[in-house]
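Please have a look at the protein on the screen, and then I will walk you through it.

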Amino acid sequence: MAKRISMSSLPADRASGIGLALAHQAASEGARISILARSLKKLEEAKDAIRLSTRIDAAVHAADVRDYDAISKAVDEAGPIDVLIVNQGVFIPQELAE
């Protein structure tokens, strides 16, 4: 039985970076992938890229990680999760030191 690996989340502003690379790697090793981000359009682009390179069809969940109900729904829809990778960041444009 293939393990379900949930990749949470791809960068919300683009489908690239570490989250997408980890999703590709896990899918290439036969894992069933779920990916989560705010933008459904970017998720669909990532899903297509994963499918083209690995022939694995990733499940996508559009949700903002600050919305508990949306995340709870996505987790319920994803089903059992063997590995959860949280790959998100927050950028606040300000000086770190004076």
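I will begin with the overall layout, then turn to a helix and the core, and end with some local details.

What you see is a predicted model, in which local features need pLDDT of at least 70 and side-chain atom pairs count only at pLDDT 80 or more, while totals for chains, interfaces and linings use all residues. Residues are numbered from 1 along each chain as its sequence is written, and side-chain values use heavy atoms, with hydrogens and water left out.

The protein has 3 helices and 4 strands, where helices (H or I, at least four residues) and strands (E, at least two) are DSSP runs numbered from the N terminus. Along the sequence they follow the pattern β-α-β-α-β-α-β. Of the 98 residues, 30% count as buried, and here buried means under 20% relative accessible area, exposed means over 50%, and partly exposed lies in between, with a 1.4 Å probe and protein chains only.

Let us look at helix α1, residues 17–28. At 1.5 Å a residue, its 12 residues should span 16 Å, and the end C-alpha atoms are 17 Å apart, which agrees; the expected span is 1.5 Å times one less than the number of residues. Which residues of α1 are buried? They are Gly19, Leu20, Ala23, Ala26 and Ala27. These cover an arc of only 130 degrees around the axis, which puts them on the same side of α1, the arc being that of the directions from the helix axis to the C-beta atoms.

That leads us to the largest nonpolar core, which has 12 residues, among them Leu20, Ile33, Leu43 and Ala58. By a nonpolar core I mean a set of buried Ala, Val, Leu, Ile, Met, Phe, Trp, Tyr and Cys residues joined through side-chain atoms within 4.5 Å. The elements that give two or more residues to this core are α1, β2 (32–37) and α2 (40–54), and the largest share, 4 residues, comes from α1.

Finally, some backbone details. Just after α1, glycine 30 takes a positive phi of about 95 degrees, and α3 is followed by glycine 79, whose phi is also positive, near 80 degrees. Most residues other than glycine have a negative phi. Arginine 55, however, has a positive phi near 65 degrees; this residue sits in the loop between α2 and β3 (59–62), and arginine 55 is exposed, with a relative accessible area of 77%.
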